[in-house]
Amino acid sequence: MKADPAVQRRLLELADVDAELARVEHRRATLPELTAVAEAEQAVQARRDAQVAADTSLGDLDREVKRQEKEVDAVRAREDRDRGLLAGGTVSAKQMTDLEHELATLQRRQNTLEDDLLELMERREAVELDSKHAGVELAKAEEELADASRRRDQVMADLETTQARRDAERVTLVPEFPEALLRLYERVRANKGIGAALLRARRCGACRIELDRSAISRISGTAADEVVTCEECGAIMVRTPESGL
Ligand SMILES: [Zn+2]
(Lines give C-alpha, C1' and ligand atoms only; values in the text may rest on other atoms or scores of the structure.)
Protein backbone atom coordinates (compact mmCIF):
# COMPACT_ATOMS: atom_id res chain seq x y z
CA MET A 1 0.00 0.00 0.00
CA LYS A 2 1.24 3.47 -0.82
CA ALA A 3 0.54 6.80 0.90
CA ASP A 4 2.23 10.19 0.79
CA PRO A 5 4.83 10.33 3.65
CA ALA A 6 3.20 13.54 4.91
CA VAL A 7 -0.16 11.79 5.07
CA GLN A 8 1.49 8.88 6.89
CA ARG A 9 2.87 11.32 9.46
CA ARG A 10 -0.64 12.73 9.97
CA LEU A 11 -1.61 9.23 11.09
CA LEU A 12 0.41 9.91 14.25
CA GLU A 13 -1.98 12.75 15.14
CA LEU A 14 -4.92 10.43 14.65
CA ALA A 15 -3.18 7.82 16.83
CA ASP A 16 -2.68 10.48 19.55
CA VAL A 17 -6.35 11.39 19.43
CA ASP A 18 -7.36 7.73 19.63
CA ALA A 19 -4.95 7.10 22.50
CA GLU A 20 -6.52 9.91 24.52
CA LEU A 21 -10.03 8.72 23.68
CA ALA A 22 -9.03 5.25 24.94
CA ARG A 23 -7.62 6.80 28.13
CA VAL A 24 -10.90 8.68 28.67
CA GLU A 25 -12.83 5.45 28.21
CA HIS A 26 -10.56 3.62 30.65
CA ARG A 27 -10.71 6.43 33.24
CA ARG A 28 -14.47 6.52 33.03
CA ALA A 29 -14.70 2.81 33.81
CA THR A 30 -12.17 2.86 36.66
CA LEU A 31 -12.82 6.17 38.42
CA PRO A 32 -12.13 6.05 42.17
CA GLU A 33 -14.97 8.59 42.39
CA LEU A 34 -17.38 5.83 41.32
CA THR A 35 -16.21 3.58 44.17
CA ALA A 36 -16.56 6.49 46.58
CA VAL A 37 -20.18 7.04 45.50
CA ALA A 38 -20.99 3.32 45.82
CA GLU A 39 -19.48 3.24 49.31
CA ALA A 40 -21.36 6.38 50.33
CA GLU A 41 -24.60 4.85 49.06
CA GLN A 42 -23.99 1.76 51.18
CA ALA A 43 -23.33 3.91 54.23
CA VAL A 44 -26.58 5.82 53.68
CA GLN A 45 -28.50 2.55 53.36
CA ALA A 46 -26.99 1.21 56.61
CA ARG A 47 -27.83 4.45 58.46
CA ARG A 48 -31.34 4.40 57.05
CA ASP A 49 -31.81 0.80 58.27
CA ALA A 50 -30.57 1.83 61.75
CA GLN A 51 -33.04 4.73 61.78
CA VAL A 52 -35.93 2.48 60.75
CA ALA A 53 -34.98 -0.08 63.43
CA ALA A 54 -34.85 2.60 66.14
CA ASP A 55 -38.16 4.14 65.03
CA THR A 56 -39.83 0.73 64.98
CA SER A 57 -38.67 0.04 68.56
CA LEU A 58 -39.91 3.46 69.56
CA GLY A 59 -43.34 2.78 68.07
CA ASP A 60 -43.52 -0.59 69.86
CA LEU A 61 -42.58 1.01 73.19
CA ASP A 62 -45.11 3.81 72.72
CA ARG A 63 -47.87 1.24 72.27
CA GLU A 64 -46.60 -0.67 75.29
CA VAL A 65 -46.59 2.49 77.43
CA LYS A 66 -50.18 3.32 76.40
CA ARG A 67 -51.33 -0.21 77.18
CA GLN A 68 -49.66 -0.07 80.60
CA GLU A 69 -51.12 3.37 81.38
CA LYS A 70 -54.59 2.08 80.55
CA GLU A 71 -54.09 -0.80 82.93
CA VAL A 72 -52.94 1.53 85.71
CA ASP A 73 -56.05 3.66 85.10
CA ALA A 74 -58.30 0.60 85.28
CA VAL A 75 -56.78 -0.46 88.61
CA ARG A 76 -57.16 3.05 89.96
CA ALA A 77 -60.81 3.19 88.89
CA ARG A 78 -61.44 -0.07 90.64
CA GLU A 79 -59.74 1.24 93.82
CA ASP A 80 -61.86 4.43 93.67
CA ARG A 81 -65.01 2.35 93.34
CA ASP A 82 -63.99 0.16 96.31
CA ARG A 83 -63.15 3.19 98.45
CA GLY A 84 -66.49 4.76 97.51
CA LEU A 85 -68.33 1.64 98.64
CA LEU A 86 -66.40 1.56 101.90
CA ALA A 87 -67.08 5.26 102.57
CA GLY A 88 -70.79 4.87 101.72
CA GLY A 89 -71.25 2.68 104.78
CA THR A 90 -73.97 0.60 103.09
CA VAL A 91 -71.99 -2.64 102.89
CA SER A 92 -72.00 -5.52 105.38
CA ALA A 93 -69.05 -6.36 107.61
CA LYS A 94 -68.23 -9.36 105.40
CA GLN A 95 -68.31 -7.22 102.26
CA MET A 96 -66.16 -4.63 104.02
CA THR A 97 -63.49 -7.23 104.78
CA ASP A 98 -63.60 -8.44 101.16
CA LEU A 99 -63.28 -4.88 99.86
CA GLU A 100 -60.35 -4.11 102.13
CA HIS A 101 -58.69 -7.29 101.01
CA GLU A 102 -59.27 -6.40 97.37
CA LEU A 103 -57.96 -2.85 97.93
CA ALA A 104 -54.71 -4.25 99.34
CA THR A 105 -54.34 -6.54 96.30
CA LEU A 106 -55.13 -3.67 93.93
CA GLN A 107 -52.57 -1.47 95.65
CA ARG A 108 -49.85 -4.11 95.17
CA ARG A 109 -50.91 -4.55 91.55
CA GLN A 110 -50.77 -0.80 91.01
CA ASN A 111 -47.27 -0.57 92.50
CA THR A 112 -46.02 -3.30 90.20
CA LEU A 113 -47.65 -1.69 87.17
CA GLU A 114 -46.17 1.70 88.01
CA ASP A 115 -42.71 0.23 88.44
CA ASP A 116 -43.05 -1.51 85.07
CA LEU A 117 -44.27 1.70 83.51
CA LEU A 118 -41.29 3.61 84.85
CA GLU A 119 -38.91 1.05 83.44
CA LEU A 120 -40.71 1.22 80.08
CA MET A 121 -40.41 5.01 80.04
CA GLU A 122 -36.70 4.77 80.72
CA ARG A 123 -36.26 2.29 77.87
CA ARG A 124 -38.32 4.54 75.64
CA GLU A 125 -36.09 7.48 76.47
CA ALA A 126 -32.96 5.49 75.58
CA VAL A 127 -34.47 4.35 72.28
CA GLU A 128 -35.57 7.90 71.51
CA LEU A 129 -31.95 8.99 71.94
CA ASP A 130 -30.87 6.17 69.60
CA SER A 131 -33.39 7.36 67.05
CA LYS A 132 -32.16 10.95 67.25
CA HIS A 133 -28.57 9.76 66.96
CA ALA A 134 -29.49 7.61 63.94
CA GLY A 135 -31.12 10.65 62.33
CA VAL A 136 -27.99 12.73 62.77
CA GLU A 137 -25.81 9.93 61.38
CA LEU A 138 -28.13 9.50 58.42
CA ALA A 139 -28.02 13.21 57.61
CA LYS A 140 -24.22 13.11 57.78
CA ALA A 141 -24.07 10.07 55.47
CA GLU A 142 -26.46 11.73 53.02
CA GLU A 143 -24.28 14.82 52.95
CA GLU A 144 -21.21 12.68 52.24
CA LEU A 145 -23.09 10.94 49.44
CA ALA A 146 -24.02 14.30 47.93
CA ASP A 147 -20.36 15.40 48.08
CA ALA A 148 -19.15 12.17 46.50
CA SER A 149 -21.76 12.49 43.75
CA ARG A 150 -20.72 16.07 43.06
CA ARG A 151 -17.07 15.04 42.77
CA ARG A 152 -17.98 12.18 40.44
CA ASP A 153 -20.13 14.47 38.27
CA GLN A 154 -17.27 16.98 38.05
CA VAL A 155 -14.76 14.36 36.90
CA MET A 156 -17.30 12.90 34.47
CA ALA A 157 -17.96 16.36 33.04
CA ASP A 158 -14.20 16.91 32.56
CA LEU A 159 -13.89 13.58 30.76
CA GLU A 160 -16.91 14.48 28.67
CA THR A 161 -15.24 17.76 27.64
CA THR A 162 -11.99 16.01 26.69
CA GLN A 163 -13.88 13.39 24.74
CA ALA A 164 -15.96 15.95 22.85
CA ARG A 165 -12.82 17.89 21.90
CA ARG A 166 -11.00 14.77 20.73
CA ASP A 167 -14.06 13.50 18.85
CA ALA A 168 -14.20 16.82 17.00
CA GLU A 169 -10.49 16.57 16.12
CA ARG A 170 -11.07 13.08 14.83
CA VAL A 171 -13.92 14.20 12.60
CA THR A 172 -11.59 16.81 11.04
CA LEU A 173 -8.65 14.43 10.68
CA VAL A 174 -10.32 11.36 9.26
CA PRO A 175 -11.21 12.76 5.79
CA GLU A 176 -7.52 13.52 5.19
CA PHE A 177 -6.65 9.86 4.79
CA PRO A 178 -7.11 7.63 1.75
CA GLU A 179 -9.82 5.09 2.45
CA ALA A 180 -7.59 2.00 2.22
CA LEU A 181 -5.01 3.47 4.60
CA LEU A 182 -7.72 4.40 7.10
CA ARG A 183 -9.23 0.94 6.84
CA LEU A 184 -5.86 -0.66 7.60
CA TYR A 185 -5.33 1.70 10.51
CA GLU A 186 -8.77 0.95 11.96
CA ARG A 187 -8.36 -2.79 11.56
CA VAL A 188 -5.04 -2.86 13.40
CA ARG A 189 -6.40 -0.50 16.07
CA ALA A 190 -9.44 -2.71 16.62
CA ASN A 191 -7.20 -5.76 17.09
CA LYS A 192 -4.24 -4.35 18.96
CA GLY A 193 -5.35 -1.01 20.37
CA ILE A 194 -2.80 1.06 18.43
CA GLY A 195 -3.21 1.57 14.68
CA ALA A 196 -0.09 3.55 13.85
CA ALA A 197 3.06 4.62 15.65
CA LEU A 198 6.33 6.33 15.05
CA LEU A 199 9.28 4.11 14.21
CA ARG A 200 11.81 5.67 16.55
CA ALA A 201 15.41 4.57 17.02
CA ARG A 202 14.59 1.25 15.33
CA ARG A 203 11.84 0.56 17.79
CA CYS A 204 8.13 0.17 16.94
CA GLY A 205 6.29 2.87 18.87
CA ALA A 206 3.26 0.61 19.31
CA CYS A 207 4.71 -2.62 20.71
CA ARG A 208 8.13 -1.14 21.70
CA ILE A 209 9.95 -4.08 20.14
CA GLU A 210 13.30 -3.26 18.55
CA LEU A 211 13.51 -4.27 14.92
CA ASP A 212 16.27 -6.66 13.97
CA ARG A 213 18.89 -5.96 11.29
CA SER A 214 16.99 -7.70 8.51
CA ALA A 215 13.76 -5.82 9.24
CA ILE A 216 15.66 -2.53 9.30
CA SER A 217 17.35 -3.23 5.98
CA ARG A 218 14.00 -4.27 4.49
CA ILE A 219 12.40 -1.03 5.58
CA SER A 220 15.42 1.09 4.56
CA GLY A 221 15.08 -0.30 1.06
CA THR A 222 11.41 0.59 0.88
CA ALA A 223 10.23 3.73 -0.87
CA ALA A 224 9.14 6.56 1.44
CA ASP A 225 5.56 6.42 0.18
CA GLU A 226 5.29 2.71 0.87
CA VAL A 227 3.23 1.95 4.00
CA VAL A 228 5.21 -0.37 6.28
CA THR A 229 3.79 -2.30 9.20
CA CYS A 230 5.38 -3.87 12.27
CA GLU A 231 5.91 -7.60 11.91
CA GLU A 232 5.23 -8.03 15.62
CA CYS A 233 2.07 -6.03 16.24
CA GLY A 234 0.88 -5.06 12.79
CA ALA A 235 0.85 -1.31 13.50
CA ILE A 236 1.59 1.06 10.65
CA MET A 237 5.14 2.30 11.33
CA VAL A 238 5.56 5.93 10.38
CA ARG A 239 9.08 6.81 9.35
CA THR A 240 10.75 10.12 10.18
CA PRO A 241 14.41 11.17 10.48
CA GLU A 242 14.19 9.89 14.09
CA SER A 243 13.58 6.35 12.90
CA GLY A 244 17.25 5.36 12.93
CA LEU A 245 17.23 3.92 9.41
ZN1 LIG B 1 4.99 -3.19 16.75
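## The sheet

Four strands make up an open sheet, ordered β2-β1-β4-β3, with mixed pairing. Strands here are DSSP runs (E, at least two residues), helices likewise (H or I, at least four), and both are numbered from the N terminus. Two strands pair if DSSP finds at least two bridges between them. At the edges are β2 (203-204) and β3 (228-229), each pairing on one side only.

β3 and β4 run antiparallel to each other, joined over two bridges. Val-228 has Met-237 of β4 as its bridge partner.

## About the model

This is a predicted model, in which local features need pLDDT of at least 70 and side-chain atom pairs count only at pLDDT 80 or more, while totals for chains, interfaces and linings use all residues. Residues are numbered from 1 along each chain as its sequence is written, and side-chain values use heavy atoms, leaving out hydrogens and water.

## Nonpolar cores

A nonpolar core is a set of buried Ala, Val, Leu, Ile, Met, Phe, Trp, Tyr and Cys residues joined through side-chain atoms within 4.5 Å. Buried means under 20% relative accessible area, exposed over 50%, and partly exposed in between (1.4 Å probe, protein chains only). The largest core has 29 residues; Leu-11, Leu-211, Ile-236 and Met-237 touch the most other members. Two or more residues each come from α1 (5-30), α4 (179-192), β1 (196-200), α5 (213-220) and β4 (236-239). A second, separate core has seven residues, including Val-37, Leu-138, Ala-141 and Leu-145.

What does Leu-211 contact, leaving aside neighbours within four places in sequence? Its partners include Leu-199, Ile-216, Ile-219 and Met-237. Contact means heavy atoms within 4.5 Å.

## α1 against α4

The axes of α1 and α4 come within 12 Å and cross at roughly 35°. Axes are lines fitted to C-alpha atoms, for helices over the stretch in contact, with angles from 0 to 180 degrees between N-to-C directions. On the α1 side, Val-7, Leu-11, Leu-14, Ala-15 and Asp-18 make the contact; α4 supplies Leu-181, Leu-182, Tyr-185 and Arg-189.

## Two buried helix residues

Leu-173 lies in helix α3 (residues 93-173). Leu-173 is buried, at 6% relative accessible area. Beyond four places in sequence, Leu-173 touches Arg-10, Glu-13, Leu-14 and Val-17. The C-alpha atoms of Leu-173 and Leu-14 are 6.8 Å apart, although 159 residues separate them along the chain.

Asp-82 sits in helix α2 (residues 32-88). Asp-82 is buried too, with a relative accessible area of 0%.
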